[in-house]
Amino acid sequence: MRPDPTPDRKLRIGRALRLRGRFVHLHSIGEGRPVLLLHGCGSLGEEILGSLPPVEGIRWIAPDRPGYGYTEPIPDAGPRAAADWLADLIDVLGLAPVQVVAHSLAAGQALWLAATHPGKVRAVTLLAPLCRAPRGPVPVLGLLAMPGIGPLLRRRLLPHLMPLPGAQALASLIAPDAPPLLRDGPLQHLLRDQALAATRAELRSLDTAMQRLPQVGRPVLAVTGGSDRIAPHGALLPWLKAVVPDLDLLEIADAGHDLHRSAPLRVLAAVLSQGEASRPRPPHPARRPEPTEPRAGWQDEDRAQ
């Protein structure tokens with residue numbers, strides 16, 4: 001099955017490849033050290049890529065994750081299976097070891113990738129990590145994705161509901177990031193059949209998968225928004241500290257859930273700093289140490305001569 005051939009006018013067409021016999025769509029800009037960007041639910045590789053400027057010496061790679069945009073879904077959308085899919089993608093693109101930057105719902109996949117394929121991962125940067133499924137969206141997404149009634153609801157009802165307080169509630173959840181996200185973000189893709197199904201499957205499998213996450217042996221930086229109402233990090237941190245021994249935390253106090261859009265320069269600085277800190281360093285050439293004080297017995301040896 002090929003993806004929908006009629007792209008939304010806002011979308012740019014990037015590179016296409018085959019992985020496990022399925023179509024994968026991604027964007028890649030720049031040359032140098034690779035950084036793999038993983039978007040959250042209801043989004044695209046283009047969205048997270050567009051929030052970060054080109055940087056000399058950095059190659060940004062931003063795929064549409066399975067089921068989103070123009071990447072075909074995979075049979076199991078859970079974090080562990082998606083991590084294996086990412087490992088195969090890293091191999092095909094020749095990226096290992098790569099720094100992985102994951103936003104929101106993609107955090108679980110990035111952590112499973114680092115835990116089960118550590119040789120392919122240099123470091124992980126989590127942006128507003130969503131590692132525990134909120135209860136509300138799952139049944140709603142299931143209804144919207146249901147064959148027959150789902151397309152009818154999306155076509156007939158949602159256009160009339162969006163101007164109503166429900167949209168304002170959505171905006172309040174992602175505040176203070178709401179204006180640019182609602183204006184520029186590819187929210188229409190959340191309503192496509194395969195995107196809805198992918199998000200629903202990811203959310204349903206998230207809690208069980210994260211409870212079984214092995215210890216992560218790679219460095220992880222969690223960047224959180226102090227105003228995040230979708231993935232508040234207070235309850236998450238004790239669990240995250242237990243499974244990630246090498247964990248650093250950074251809070252951007254005035255950012256919400258889409259902090260890469262409301263605070264792109266601070267997020268960029270954090271990503272680049274962690275990537276630089278995790279780069280392997282060549283060993284210093286062996287050099288004979290110079291003593292700072294006489295070694296015991298030297299004076300006696302001089303006298304003996």
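With which side chain does the side chain of R59 make a polar contact? The partner is the side chain of S28, at 3.1 Å; a polar contact here is a pair of N or O atoms within 3.5 Å, where within protein one must be able to donate a hydrogen and the other to accept it, and residues adjacent in sequence count only if both atoms are side-chain atoms. The model is predicted, with local features needing pLDDT of at least 70 and side-chain atom pairs counting only at pLDDT 80 or more, while totals for chains, interfaces and linings use all residues. Residues are numbered from 1 along each chain as its sequence is written, and side-chain values use heavy atoms, with hydrogens and water left out.

R59 itself belongs to strand 4, residues 57–63. Helices (H or I, at least four residues) and strands (E, at least two) are DSSP runs, numbered from the N terminus. Beyond its neighbours within four places in sequence, R59 is in contact (heavy atoms within 4.5 Å) with a set of residues that includes R15, S28, E31, L93 and L95. L95 is 36 residues from R59 along the chain, and their C-alpha atoms are separated by 10.0 Å.

For the overall picture, the protein has twelve helices and eight strands. Of its 305 residues, 49% count as buried, meaning under 20% relative accessible area, with exposed over 50% and partly exposed in between (1.4 Å probe, protein chains only). Among contacts between residues at least 6 apart in sequence, 77% join residues at least 24 apart.

G94 follows helix 2 and has a positive phi, near 65 degrees.

L36 and L111 have the most contacts inside the largest nonpolar core, which has 48 residues. Such a core is a set of buried Ala, Val, Leu, Ile, Met, Phe, Trp, Tyr and Cys residues joined through side-chain atoms within 4.5 Å. A second, separate core of 21 residues includes V35, L127, A263 and L268. In soluble globular proteins, nonpolar side chains tend to be buried together.

Charged pairs come next. The structure holds six salt bridges, each a side-chain nitrogen of Lys or Arg within 4 Å of a carboxyl oxygen of Asp or Glu. One of them joins the side chains of E72 and R18 (3.7 Å, N to O). Because E72 lies in the loop between strand 4 and helix 2 and R18 in strand 1, this pair ties together parts that are 54 residues apart in sequence. E72 is buried, at 6% relative accessible area, whereas R18 is partly exposed at 46%.

Another salt bridge pairs R261 with E47, their closest N and O atoms being 3.2 Å apart. The two sit in helix 10 and helix 1, respectively, 214 residues apart, and both are buried. R266 and D254 form a further bridge, with closest N and O atoms 3.1 Å apart. R266 is in helix 11 and D254 in the loop between strand 8 and helix 10, so the pair ties together parts that are twelve residues apart in sequence. Both partners are partly exposed, R266 at 41% and D254 at 48%.
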